[in-house]
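Welcome, and please take a look at the model below. We will go through some of its strand pairings and then turn to a pocket.

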Amino acid sequence: VQSADLGVTITADNATPNEHDTVTYTIILNNNGPANATGLMVYDALPIQDVTYVSSNAVEGSYDASTGNWTVGNIDNGANATLTIKATVNSGTGTFVIDNNTQIIYADQPDTDLNNNVATASITVNGADLSVTNSVDNATPSENDTVTYTVYLDNSGPLDGTGIIVTDVLPTGVTYVSSTADEG
């Protein structure tokens, strides 16, 4: 019986995209032999709740985005086949880790090593990058002096921050007098 050790890998061209960025996944199907492989099919259904299909290019065979099936066909011993899939990162996915899983689902020949038949490409979507700093106008006051603490909240993006709560507890030895906020 002819057999072939088939293996699949997947990579993403941008591991840390922003929402609405386009990510290109590259899937490579290898035939490590010893026989030529026929009737090959690979499954890669994009995580559609997190990304939206844009386009694909199968160097060998054809890809059906509605089913996730890449009908590869035949690959000679020692050769490989490549599929690229472009997808846009959906809104509301900031800070999400999105996994795109791919797997070999069929070959006419038995596969001698099933450990390399599944692969995952993970991306982490950028979110809001918040930072807080606190300063005081007089670091060496006398008793009964009034000091002003200023708290800065910065969002380095790329997303807007919403529902943010900053807590600033006064240290022991001072008494609250008043406060003002630019926002909130």
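Strand E5 and strand E6 (residues 69–75) run antiparallel and are joined by three bridges. Within this pairing, Asp 64 stands opposite Asn 69 in E6. Do keep in mind as you read on that this is a predicted model.

E5 and E6 belong to an open sheet of five strands, whose order is E5-E6-E3-E8-E9 and whose pairing is antiparallel. At its edges lie strand E5 (62–64) and strand E9 (118–124), each of which pairs on one side only. On average, neighbouring strands of this sheet are turned by 20 degrees against each other, with direction ignored.

Elsewhere, strand E2 (residues 22–34) pairs in the antiparallel sense with strand E1 (residues 4–12) over eight bridges. Here Thr 9 has Ile 28 of E2 opposite it. E2 also runs antiparallel to strand E7 (residues 80–89), with nine bridges joining the two. In that case, Leu 29 has Ala 81 in E7 as its bridge partner.

The pairings can be set side by side:

| Strands | Sense | Bridges |
|---|---|---|
| E5 and E6 | antiparallel | three bridges |
| E1 and E2 | antiparallel | eight bridges |
| E2 and E7 | antiparallel | nine bridges |

Now for the pocket. Which residues lie nearest the centre of the largest pocket? They are Tyr 149, Thr 150, Val 151, Ser 179 and Thr 180, out of 30 residues that line it. The largest pocket has a volume of about 1300 Å³, and its lining comprises 14 nonpolar, eleven polar and five charged residues.

How values were computed
Residues are numbered from 1 along each chain as its sequence is written. This is a predicted model: local features need pLDDT of at least 70, side-chain atom pairs count only at pLDDT 80 or more; totals for chains, interfaces and linings use all residues. Side-chain values use heavy atoms; hydrogens and water are left out. On a 1 Å grid over the protein atoms alone, a cavity is a set of points where a 1.4 Å probe fits but cannot get out, and a pocket is an open set with protein on both sides within 12 Å along at least five of seven lines; lining residues have an atom within 4 Å of a point. Grid points are joined across faces, edges and corners, and a volume is the space filled by probe spheres set on the points. Ala, Val, Leu, Ile, Met, Phe, Trp, Tyr, Cys and Pro count as nonpolar, Asp, Glu, Lys and Arg as charged, and the others, Gly among them, as polar. Two strands pair if DSSP finds at least two bridges between them. Helices (H or I, at least four residues) and strands (E, at least two) are DSSP runs, numbered from the N terminus. Axes are lines fitted to C-alpha atoms, for helices over the stretch in contact, and angles run from 0 to 180 degrees between N-to-C directions.
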